[in-house]
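Here is a set of questions and answers on a protein chain. Have the sequence and the model at hand.

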Amino acid sequence: MHICIIAPEQFTVPGNNSVEICILAIAKQLALRHTVTVISRRLQGLAHSDELDLVNIIRLPADSPSRYFEEVLNYIREGSFDLIQVDNRPRLMAAVRRATPQTPVVLFLHSLTFVPQSRSTLGYLNQADLIIANSRSLQQRLTRRFPSRAEAIRIVPLGADLERFVPPSIEERRRLRRVYRVPQTTFTVLFVGRVIPRKGVHVIIRAVYALRRRMPIHLLIVGRGKPLYIRRLKRLAKRLGVSATFLGNVTHEEIHQVYQTADCFVCPSQRHESFGLVNVEAMASGLPVIASNNGGIREIIVSGVHGYLVDRYREALSFSRYLLILGRNPKLVVSMGSQGRKDALEAFEWQHTAARLESVYQSLIPIDQEEPK
């Protein structure tokens, strides 16, 4: 097959945003059996066309969403594809379907952000041959919003690069803690994600504050956010006397090393998470995870096995309770981290994601099952 995957206009491929990370990882796996073209936005310093691990990458002008919209349509009209997948943009997907009426078109949704419950959204969704959700939770919410499309929704969970996200040796962890200026003997709690209110960084700062007199604890915060909001969080940490490092944005090529500095991972999301890719990366890195019990997170983390799910996740003390359990029990940290790594290997490799996606494609178009020569 010749498969075309169309990325959103917001970021380029390769990129550090979770959607672009997923697109490239899946494309690399599919490219082992098929011809794969990924379309994404043009970025200064990157070639207009490129090849990365057998994946053809086309970068189109995206001065505005509408410009990218038109450039994509012009490109696919001139191409010849057996199947087209559009990620996270229902309106663009519908336009692609109209431009290529003979080609199966799939919509891969990573969240609910671009699917508000409206008549126009339903009109777009009606154009998709199939809709892919990255979790059962997202599938259920989509079904409630658009019951007439329930039969068209398939679930394809995401994964992680399990050769890169690995538990470190003791020596490597010590080295990386020096690199990132993390205290060597302090229980280190890691947050990775967008630093925005809905991700709950303020909650975990207060959770660490509640423990600072009971155990040596350090908070490592990684991710981009608006400067004003980050300054507010830094002031909060300083006022509370919380030992914290704000690393800012770290490229995805480097982020696995940051996981390797920590003792545990926190995901204090205050709103629905469709999947939560960072939790899989943390598990693969051998870290116990303390996460909000919402959305697709509960499909990844088994409470008491890989870490803990927090029911009252708007309350800082709910996180403090589990942090204290782990901080005072190094053997439990190791056992939960080891189990997380084991289960990630079984369930969350990108090759599993690509295989499930290929099965979805196969329901739309016959695929040659012979192994590539």
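Buried means under 20% relative accessible area. The model is predicted.

Q: How many residues of strand β10 are buried?
A: Strand β10 spans residues 217–222 and is mostly covered. On one side, I217, L219 and I221 are buried.

Q: In β10, which residue is the bridge partner of V192?
A: Strands β9 and β10 pair in the parallel sense. Six bridges join β9 and β10. The partner of V192 in β10 is V222.

Q: Which residue in β5 stands opposite I6?
A: Strand β1 covers residues 2–6, and strand β5 covers residues 83–87. The two run parallel and are joined by four bridges. Opposite I6 stands V86.

Q: Is the crossing of α2 and α3 left-handed or right-handed?
A: The axes of α2 (residues 65–78) and α3 come within 10 Å and cross at roughly 30 degrees. Angles under 35 degrees count as roughly parallel, so α2 is roughly parallel to α3. From α2, Y68, F69, V72, L73, I76 and R77 meet R91, L92, A95, V96 and A99 of α3. The crossing is right-handed.

Q: Which residues of α7 and α8 make the contact between these helices?
A: Helix α8 (residues 227–240) packs with α7 at an angle of about 10 degrees, and their axes are 10 Å apart. That angle makes α7 roughly parallel to α8. On the α8 side, the contact is made by Y229, L233, L236, A237, R239 and L240. On the α7 side, it is made by V201, H202, I205, R206 and Y209.

Q: Which elements do the buried residues of α11 pack against?
A: Helix α11 (residues 316–327) has 12 residues and reaches 16 Å from its first C-alpha to its last, close to the 16 Å expected. Its buried residues are A316, S318, F319, S320, Y322, L323, L324 and L326. These buried residues pack against β9 (187–192), α7 (201–209), β12 (264–267), β13 (289–292), β14 (307–310) and α12 (330–347).

Q: What distance separates the C-alpha atoms of S18 and G193?
A: S18 lies in helix α1 (residues 18–30). S18 is partly exposed, because its relative accessible area of 38% falls between the 20% and 50% cut-offs. Along the chain, S18 and G193 are 175 residues apart. Their C-alpha atoms are separated by 9.3 Å.

Terms used:
Residues are numbered from 1 along each chain as its sequence is written. This is a predicted model: local features need pLDDT of at least 70, side-chain atom pairs count only at pLDDT 80 or more; totals for chains, interfaces and linings use all residues. Side-chain values use heavy atoms; hydrogens and water are left out. The expected span of a helix is 1.5 Å times one less than its number of residues. Buried means under 20% relative accessible area, exposed over 50%, partly exposed in between (1.4 Å probe, protein chains only). Contact means heavy atoms within 4.5 Å. Two strands pair if DSSP finds at least two bridges between them. Axes are lines fitted to C-alpha atoms, for helices over the stretch in contact, and angles run from 0 to 180 degrees between N-to-C directions. Angles under 35 degrees count as roughly parallel, over 145 as roughly antiparallel, 65 to 115 as roughly perpendicular and the rest as oblique. A crossing is left-handed if the near helix is turned anticlockwise from the far one by less than a right angle, and right-handed if clockwise.
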